[in-house]
Amino acid sequence: MSLRLSLLVLACTAALPLQAKPSITLIGAVQGEGAQSPLLGQTVTVEGRLSADLRDGLDGFYLHGAADGNPATSEGLLVLAEGAVRLPRAACLRVRGEVVEQPAGRSTQSMTALKAQNIQAASCRGLPAPGPVVLTAAPANWEAYEGLPVQIQAPLTVVGLHNLERSGEVWTAFDGALWQPTEMALPGSEQARAIAADNQRRLLILDDGSDVRDPDSLPLLPAGQLPRGGMQLSQVEGIVEQRHGPAWRLQLRRPLPLPPVARPLAAPQLPGTLKIAAFNLENYFNGDGRGTGFPTPRGAASVEQLAAQQAKLVASINGLGADVAALMELENDGFGPASSIAQLVDALNADPAGPGDWRFVDAGTGPGSDSIRVGIIYRHRVLTPVGRPAVLEEGPFMRWSRVPLTQAFRRGDGPVFSVTAIHLKSKGCGDASGPDMDQGDGQGCFNAIRTDSAQRIVAWLASDPTASGSPHAVVLGDFNAHAMEQPIRTLDAAGWRDAFAIAGVAQPYSYVYNGLNGRLDHALLSPTLAGQLRGAAEWHINADEPESVGYAAGNQPGPWRSSDHDPLLLGLDL
């Protein structure tokens, strides 16, 4: 070869780029110690073991990288890649891409991810062995596990099923149930804030690895099985991440191991010669009462749904064994034969398992002009009405809180007592203004209206509206307020006594909202009647059940999910 040709070859060779191994950034360095990546916006190359491919339901797959020696950083990372992108058939991958932050729903948090530009097979040398990280308690810093596969070797209590059918989520908590702060502490107090912070620390959402809304099936559950509130789960395994808020979640890698369902098959048995119940029926509307008029503004959408709803309500009410019951969310359609309350009483009396002697208190009209109302039913072979019923149609009761209804009764030749059914304004914020806006103290919207309603009820009952002359009285129903909120404390300050506190019931609850237990339904006794109380209980047939067992969905036979509220029951000696 000539000297000139040799020099030309050397020059061309020197111009070719060297195929050096790219610089690898540890996943821990990408995650960093904070909520956002310190490398945000940068293009990096990472290597890791493929721990989960969730591109069928979500937006990417997860890598588990080598340890960086810093326990405050996570070795797990979400890689954003469309399902059409073919992954190399390898246990470990090398990915080049841009570091981004995925918003976590409406919260201020975000999820660190790598937007993939190039994906290759990689050696597994130096990468962690397959298998999850084991957690035996709620970690102090979930960020240190973001994107990692973990196994929870501690009991998780099911606390919320409100997003089960909608989003494939089961809300759980470490160390038992979660509680509404204002059920346990004064609104806005340091104790209430501490309870809220502890709730947030213990909450963990179990997700189905998919963003599909209203899924046709629930792959996170064993076939034919449904969870129930209070159920304890063990050996739960999934990928830690933040998505949609409001808490950390696990994207499950296999169906949940569910224990057998333990339901309270019979209502609580209480001592006492008189049983008083309260029950929010969750919109019992009966069309025109003649089999047509569907769909109704609320409740059943067809005559078939009404039959299913009614069967569940009959099983619930007759199952309680009460002598008198205050009912909420009846259709406000009069008291004639086709009215909702008349049709419900007919169905109760036609039930072979029931006592067959129910009657309803006829208030004449209303009470009130709301589309729903309260009602009182009683067993006429046990109780005799004394005088006429009374209603309070003034102030907030004409537009906001439902009109209260009271009736005096006597059992045999015993003393007269009165039963007052109430249903105060809900916490929803529609049309709220001024002092009725959410004050940020945990009481929600319309607390001012509910408190005003409670004050008027106190004054009204003090005037003896039934003219019975009896000091024995019970006020019960849906207060839409938790135990430490102002409406309940208003009655307490006037001398009305919480039946569940008198009975020494530990942590009662009748309603579960966003995974938090609490009482919206209360029974308050006059001082003279408080001394006659022999027991108080809720029958937990509804608040712990998923919606899919209710009449509008799966319609499991029995009282299960007959409403969104649990009924309460009192036992007294009169």
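**Figure 1. Antiparallel pairing of strands E20 and E21 in the predicted model.** Strand E20 (residues 402–411) runs antiparallel to strand E21 (residues 416–423), and 7 bridges join the two. The coordinates belong to a predicted model. Within this pair, Arg410 lies opposite Val416 of E21. The view extends to the open sheet of 6 strands, whose order is E19-E20-E21-E22-E26-E23 and whose pairing is mixed. Strand E19 (383–391) and strand E23 (497–498) are the edge strands, each pairing on one side only.

Figure 2. A polar contact of 3.4 Å links the side chain of Arg243 to the side chain of Asp59. Beyond four places in sequence, the residues touched by Arg243 are Leu58, Asp59, Tyr62, Leu78, Ala104, Met111, Asp211, Arg249 and Gln251.

Figure 3. With a relative accessibility of 14%, Arg55 counts as buried, since the class takes in values under 20%. The side chain of Arg55 has a polar contact of 2.9 Å with the side chain of Asp53. The Arg55 side chain also reaches a backbone atom, the oxygen of Glu82, at 3.2 Å. When neighbours within four places in sequence are set aside, Arg55 is in contact with Gly60, Phe61, Ala81, Glu82, Gly83, Val85 and Leu87.

**Figure 4. The largest pocket and its lining.** The volume of this pocket is about 1,100 Å³. It is lined by 42 residues, of which Gln180, Lys427, Gly442, His482 and Tyr513 are the closest to the centre. Helix H4 (181–184), helix H5 (190–202), strand E15 (274–284) and strand E24 (511–513) each contribute at least two lining residues. Helix H5 gives the most, with 5 residues. By class, the lining of the largest pocket comprises 12 nonpolar, 19 polar and 11 charged residues.

**Figure 5. The second largest pocket and its lining.** About 950 Å³ of space lies in this pocket. Its lining is made up of 42 residues, and those closest to the centre are Leu161, His162, Asn163, Trp171 and Asn514. Two or more lining residues come from each of strand E8 (156–160), helix H3 (164–167), strand E9 (169–174), strand E10 (178–179) and E24. Strand E8 has the largest share, with 4 residues. The lining of the second largest pocket divides into 15 nonpolar, 15 polar and 12 charged residues.

**Figure 6. Ala140, in the loop between strands E6 and E7.** The loop that holds Ala140 lies between strand E6 (133–135) and strand E7 (149–152). Ala140 is exposed because its relative accessible area is 89%, and the class begins over 50%. The C-alpha atom of Ala140 is separated by 8.0 Å from that of Arg201, a residue 61 residues apart from Ala140 along the chain.

Technical notes:
Residues are numbered from 1 along each chain as its sequence is written. This is a predicted model: local features need pLDDT of at least 70, side-chain atom pairs count only at pLDDT 80 or more; totals for chains, interfaces and linings use all residues. Side-chain values use heavy atoms; hydrogens and water are left out. Two strands pair if DSSP finds at least two bridges between them. A polar contact is a pair of N or O atoms within 3.5 Å; within protein, one must be able to donate a hydrogen and the other to accept it, and residues adjacent in sequence count only if both atoms are side-chain atoms. Contact means heavy atoms within 4.5 Å. Buried means under 20% relative accessible area, exposed over 50%, partly exposed in between (1.4 Å probe, protein chains only). On a 1 Å grid over the protein atoms alone, a cavity is a set of points where a 1.4 Å probe fits but cannot get out, and a pocket is an open set with protein on both sides within 12 Å along at least five of seven lines; lining residues have an atom within 4 Å of a point. Grid points are joined across faces, edges and corners, and a volume is the space filled by probe spheres set on the points. Ala, Val, Leu, Ile, Met, Phe, Trp, Tyr, Cys and Pro count as nonpolar, Asp, Glu, Lys and Arg as charged, and the others, Gly among them, as polar.
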